[in-house]
Amino acid sequence: MKLYVHPLSGHAHRAHLFLSLLGTPFELVEVDLGARAQKSPEFLKLNRFGQIPVLDDDGTVISDSNAILVYVAKKRGRTDWLPEDAAAAAKVQRWLSVAAGEIAYGPAAARLITVFGASFRADEVIARAHRILALLEAELTDRAFIVGDGPTIADVALYSYVVNAPEGNVDLAGYPQVRAWLSRIESLDGFVPFQKTAAGLRA
């Protein structure tokens, strides 16, 4: 497997993290976003959207970070990370949607302002970030992970942009359950950290 990434992309990190947690052999290929390599003709053959991450599994090409999580879990037969049971699978899918929605437009967007100079309104995206963090805090009051007592790809999908939310001036101090959950993920065998930058509250 080859995984095309950039070290400051949370979407790329979630794919990298999951492959590492499963102990899956893979090669990391860094894409130079500054040089817009993701828009090159060669890269667009892999992903017409011109986005990372992309997984190339011996010619089977999967783009979109959440799709990569699903593919790898299914390929490896890891029903502990992606349950076969309909109700449990639906719970996981719900949080994949949150990762692509509220997380992307909250803490991820806030971080895009400080790290990449994006033109979002900081007050709006920071407020959205705190709304989803408050919801996560409530969800995690009675269980160790987001859909139960063990980690699933839902936790992986949510982790990266939550842990680096302070880079977007989103303070995690008021969310003790969220911070404890982050620590539980970081204690898993095979964990790899998401690269930090001196931005926002970490500047």
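Buried means under 20% relative accessible area, exposed over 50%, and partly exposed in between, with a 1.4 Å probe and protein chains only. The model here is predicted, so local features need pLDDT of at least 70 and side-chain atom pairs count only at pLDDT 80 or more, while totals for chains, interfaces and linings use all residues. Residues are numbered from 1 along each chain as its sequence is written, and side-chain values use heavy atoms, without hydrogens and water.

**Exercise 1.** Work out which residues of H6 are buried and how they sit around the axis.

*Solution.* Next, list its buried residues: Val-125, Ala-129, Ile-132, Leu-133, Leu-136, Glu-137 and Glu-139. They cover an arc (taken from the directions from the helix axis to the C-beta atoms) of only 155 degrees, so they lie on the same side of H6. Finally, find their partners: these buried residues pack against helices H4, H5, H7 and H8.

**Exercise 2.** Describe how H5 and H6 pack and which residues make the contact.

*Solution.* First the geometry: the angle is about 145 degrees and the axes are 7 Å apart. Axes are lines fitted to C-alpha atoms over the stretch in contact, and angles run from 0 to 180 degrees between N-to-C directions. Then the contact (heavy atoms within 4.5 Å): H5 gives Pro-107, Ala-109, Ala-110 and Ile-113, and H6 gives Ala-122, Val-125, Ile-126, Ala-129 and Ile-132.

**Exercise 3.** Is His-13 buried or exposed?

*Solution.* Locate His-13 in helix H1, residues 10-21. Its relative accessibility is 5%, so His-13 counts as buried.

How values were computed. Helices (H or I, at least four residues) and strands (E, at least two) are DSSP runs, numbered from the N terminus.
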